[in-house]
There are 2 protein chains.
Amino acid sequence: MTERDAIPAGGKATYIAEEVRRRIIEKEWRQGDRIPDETELATEFGVARATVNKALQLLAEEGLLDRRRRAGTRVAINPVRKATFSIPIVREQIEAAGLSYSHRLISQSRSPLPAQHAERLGLSTGDILIHLRAVHYGDRQPFQLEDRWINPRAVPGIEDVDFHHLNANEWLVRNAPYLRADLNFSACNAGEHDAPLLDTKPEQALLILNRTTWNDVGPITTVRLAFHPGYTMAATT
Amino acid sequence: MTERDAIPAGGKATYIAEEVRRRIIEKEWRQGDRIPDETELATEFGVARATVNKALQLLAEEGLLDRRRRAGTRVAINPVRKATFSIPIVREQIEAAGLSYSHRLISQSRSPLPAQHAERLGLSTGDILIHLRAVHYGDRQPFQLEDRWINPRAVPGIEDVDFHHLNANEWLVRNAPYLRADLNFSACNAGEHDAPLLDTKPEQALLILNRTTWNDVGPITTVRLAFHPGYTMAATT
């Protein structure tokens, strides 16, 4: 570490994290191996043990290291990386693509919750929720078909909102902060109901995103989004 | 804060984060609002300013707060939450479902990289990579169809591996740690090539995951995974 005088002050933990990352990637330290303890690394790098701790914590958060209180720190065998998916405002997403946004509310009603959703949401079959279906368009082409249930107990004031004017996605993103979201991806053939709304043929493969958000009261909303054919949803770790 | 003596030592930042989270969820502090500065919060909670900083940093990492050096801290309008997707070892995934794992290598060759991948990978069309196609089975039913390109320059030693015996997914997860991954989801109709390999009909909708991993040398591998009909991939924030 003859170069350590060149490390910018305050960047020491970042520098150590980079060096440890390099040793893992270049397999000087191999997956599953226990790495030297904090005291040894502090001596090697000529820094405080707290600085080493900070660096290793960064790498643990990235998923490169497994830290166990008694077993020490090992190079992770199968790192879990976090992929970022935001809940976008669909209008902004469409406008960012240079298209003109429009929205059509197909139906909005207070309806009894079907059994298929009840258990997953921790609610009872037949509980009255707000059910709505809508299509989001870019330059008048269907972009996304939305089938949504909203739990008014978790979102006071929502029963007075008319989603003909402001779409539910944008209202909820702006007004109903969530603590936790479940999302899952699947594919389905468009079917007789979805195909005309997305202006496609019934056997067309569609990407489906099911998403449920929760706050401290309970589920806020569960939504099934069907995207236009060819849509790709990207994430980066 | 008359109850602050009851806060466990060391848990003060967590306690403050919980209280700030509650204020946001219950809309005492609304999306877009600037929250009190660290000094004010330190006084309110009767803790050091560093403890408040730690609590706010936790909430910023969750996406609930936007922190700007000069503009102060605001409640995020559209929080970005991190959804966790690991790169699983498919064999373990199938065995965890109680099924017996098997694997069939359809082809393995050194092949010139097609243009469709070259630009995205930062490589040249015609560069020689390892191309392989394989199917993963659970109880002899197709689970996943894999079409993979591996860059031997980023993975020394890989040219000597025979993927008939150990599948490429497991070899790479265990031997090629990555720094960064891109993933994206889409749907497609099975088509004449994929349908028989997945034991389904050609028009069947399939969930497709494209994933590329990178280390400090360059791209490690890019893979297109087609899942059996009905497969759902879940994530939780």
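This is a predicted model: local features need pLDDT of at least 70, side-chain atom pairs count only at pLDDT 80 or more; totals for chains, interfaces and linings use all residues.

Visitor: Why is A:Arg23 called buried?

Guide: The relative accessibility of A:Arg23 is 9%. Buried means under 20%, so A:Arg23 counts as buried at this value.

Visitor: Which residues does A:Arg23 touch, not counting residues up to four places away in sequence?

Guide: With that exclusion, A:Arg23 touches A:Glu28, A:Trp29, A:Glu44 and A:Phe45. Contact here means heavy atoms within 4.5 Å.

Visitor: Let us turn to chain B. Why does B:Asp139 count as partly exposed?

Guide: B:Asp139 has a relative accessibility of 41%. B:Asp139 is found in the loop between strand S5 (128-138) and strand S6 (141-150) of chain B.

Visitor: What makes B:Arg140 exposed?

Guide: Exposed means over 50%; B:Arg140 stands at 71% relative accessibility and therefore counts as exposed. B:Arg140 is also found in the loop between S5 and S6 of chain B.

Visitor: What is the phi of B:Asp139, and what is that of B:Arg140?

Guide: B:Asp139 has a positive phi of about 50 degrees, although it is not a glycine. For B:Arg140, likewise not a glycine, phi is positive at about 70 degrees.

Visitor: Which domains does the assignment give for chain A?

Guide: The assignment gives domain 1 (4-75) and domain 2 (90-227) of chain A. Their C-alpha centres lie 44 Å apart.

Technical notes. Residues are numbered from 1 along each chain as its sequence is written. Chains are lettered from A and ligands numbered from 1 in the order in which they are written. Side-chain values use heavy atoms; hydrogens and water are left out. Buried means under 20% relative accessible area, exposed over 50%, partly exposed in between (1.4 Å probe, protein chains only). Domain bounds come from an automatic or database domain assignment. Helices (H or I, at least four residues) and strands (E, at least two) are DSSP runs, numbered from the N terminus.
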